[in-house]
Amino acid sequence: MAAREGRRAFADGTLWSGLALGLMFSLEFVFAGSALVHTTAAHTIVFLYSAPIFTALGLQFIPEERLDGVQWMGIAAAFVGIVVAFVGPGSRPVPELIVGDLLALLGGAAWGLSNVVLRRGRVGGANTAKTVLYQVGAATLVLLAFASVTGQTRLVLSGAAILALLFQTLFISIISYLVWFWLLRRYLTSRLMLLSLLTPLFGVLFGALLLREPIESRFAIGSLLVLAGISIVNSRLARKAPA
């Protein structure tokens, strides 16, 4: 960005909405990381993917994005699913699970509201490099500050930690984004949005296979209701979206 625009990089009116986008992006990871301390990976991934619900609610102020009756039914189904997933015993103490689940839900809210900022703010018209700069730049500052305040700056470079960092850096932060943008250029966005709903299912599956996390029937039913509600809202939003 410095090479392309120089000092004019932040004089195009995108600064404030870009900072808001970066803050929402940062809070998503603060809440998700904190949730994993208290609840399971399966719970975290399902509640984090409630983001489309918060996006739909936040876009109510745009006439062409207002929810119709079918979408409200989807939100109701997702809400019932969250209640079902919350209620009842789990593999950890109930108060701790509820705290973790609420933090994961807040992470989903932050993610969903970041989509609203992109839709409503001037940063939505910026090029991809500048959008990523706002997100990653703000996250660098916010997450470092959060780690300092909460005493999480100590890093023990074990073999598992190094492999985890390499996986997050190479596959999650680089390869997955490249593949995602490649897909967006070749396939319908609406189909990709719906296929992305497979992510929570994989999260629950790998949580059970790799982390030996139990899948309670109550949580499975709640998760299916949440995914059904999200798919309804997503599909209707995709139909309303301009070509």
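Is D12 buried, exposed or partly exposed? D12 counts as partly exposed, at 30% relative accessibility; buried means under 20% relative accessible area, exposed over 50%, and partly exposed in between, with a 1.4 Å probe and protein chains only.

The model is predicted: local features need pLDDT of at least 70, side-chain atom pairs count only at pLDDT 80 or more, and totals for chains, interfaces and linings use all residues. Residues are numbered from 1 along each chain as its sequence is written, and side-chain values use heavy atoms, with hydrogens and water left out.

A salt bridge is a side-chain nitrogen of Lys or Arg within 4 Å of a carboxyl oxygen of Asp or Glu. The count by this rule is two.

| Salt bridge | N to O distance |
|---|---|
| K130 and E5 | 3.0 Å |
| K130 and D12 | 2.6 Å |

K130 lies in helix 7 (residues 128-149) and E5 in helix 1 (residues 2-5), so their pairing ties together parts that are 125 residues apart in sequence. Helices (H or I, at least four residues) are DSSP runs, numbered from the N terminus. K130 is buried at 2% relative accessibility, and E5 is buried with a relative accessible area of 16%.

The bridge from K130 to D12 also links distant parts of the chain: D12 sits in the loop between helix 1 and helix 2 (15-38), 118 residues from K130 in helix 7. Through shared partners, the salt bridges join E5, D12 and K130 into one network.

Terms used:
Helix = DSSP H or I, 4+ residues; strand = E, 2+ residues; numbered from the N terminus.
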